[in-house]
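The paragraphs below go through the salt bridges and then the pockets of the structure shown here. Please keep the sequence at hand while reading.

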Amino acid sequence: FATYTFPPKVGVRRDLAGNDVEVFGVDVQPVRVEARSGRGERLTLDEHGVTLVKRPFLDMDYCEIDRVISEYYAECCELVKAATGARKV
């Protein structure tokens, strides 16, 4: 079982809009990451922890945070359910 402490030793404080305001308990260092698309590779959840699926984007303004939260996030949950067979996401 996990043991939790309060207040946490490591975490992120966010403002009311959900933006990260402060990271605490870690020494954040920049790292160089090679970005690859993964297209053409057979990535699986079991072997790689990620999989790519084809799905059209919702036709919406992704800067409208309320719509993103209510519509896009729900669509992402349905996509994860379909790809993994999960009943609840």
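Salt bridges and pockets

R36 and E41 form a salt bridge, with their closest N and O atoms 2.7 Å apart; the term stands for a side-chain nitrogen of Lys or Arg within 4 Å of a carboxyl oxygen of Asp or Glu. The model is predicted, so local features need pLDDT of at least 70 and side-chain atom pairs count only at pLDDT 80 or more, while totals for chains, interfaces and linings use all residues. Residues are numbered from 1 along each chain as its sequence is written, and side-chain values use heavy atoms, with hydrogens and water left out.

Of the two partners, R36 counts as exposed at 58% relative accessibility, whereas E41 is partly exposed with a relative accessible area of 37%. Here buried means under 20% relative accessible area, exposed over 50% and partly exposed in between, with a 1.4 Å probe and protein chains only.

The whole structure holds 6 salt bridges. One of them joins the side chains of E75 and R55, at 2.7 Å from N to O. This pair links distant parts of the chain, 20 residues apart: E75 belongs to helix α2, and R55 to the loop between α1 (45-48) and α2. Helices are DSSP runs of H or I with at least four residues, strands are runs of E with at least two, and both are numbered from the N terminus. E75 is partly exposed, with a relative accessible area of 26%, and R55 is also partly exposed, at 38%. Another salt bridge is made by the side chains of D20 and R14, again 2.7 Å from N to O; both residues are exposed.

Where is empty space left? Rolling a probe the size of a water molecule over the atoms shows this. On a 1 Å grid over the protein atoms alone, a pocket is an open set of points where a 1.4 Å probe fits, with protein on both sides within 12 Å along at least five of seven lines; lining residues have an atom within 4 Å of a point.

The largest pocket contains about 380 Å³ of space. It is lined by 16 residues, and V53, R55, Y72, C76 and L79 are the closest to its centre. Helix α2 (residues 65-84) gives the largest share of this lining, 7 residues. By class, the lining has 12 nonpolar, 2 polar and 2 charged residues.

The second largest pocket contains about 190 Å³. Its lining includes E41, V53 and K54, and divides into 3 nonpolar, 3 polar and 3 charged residues.

Note on methods:
Grid points are joined across faces, edges and corners, and a volume is the space filled by probe spheres set on the points. Ala, Val, Leu, Ile, Met, Phe, Trp, Tyr, Cys and Pro count as nonpolar, Asp, Glu, Lys and Arg as charged, and the others, Gly among them, as polar.
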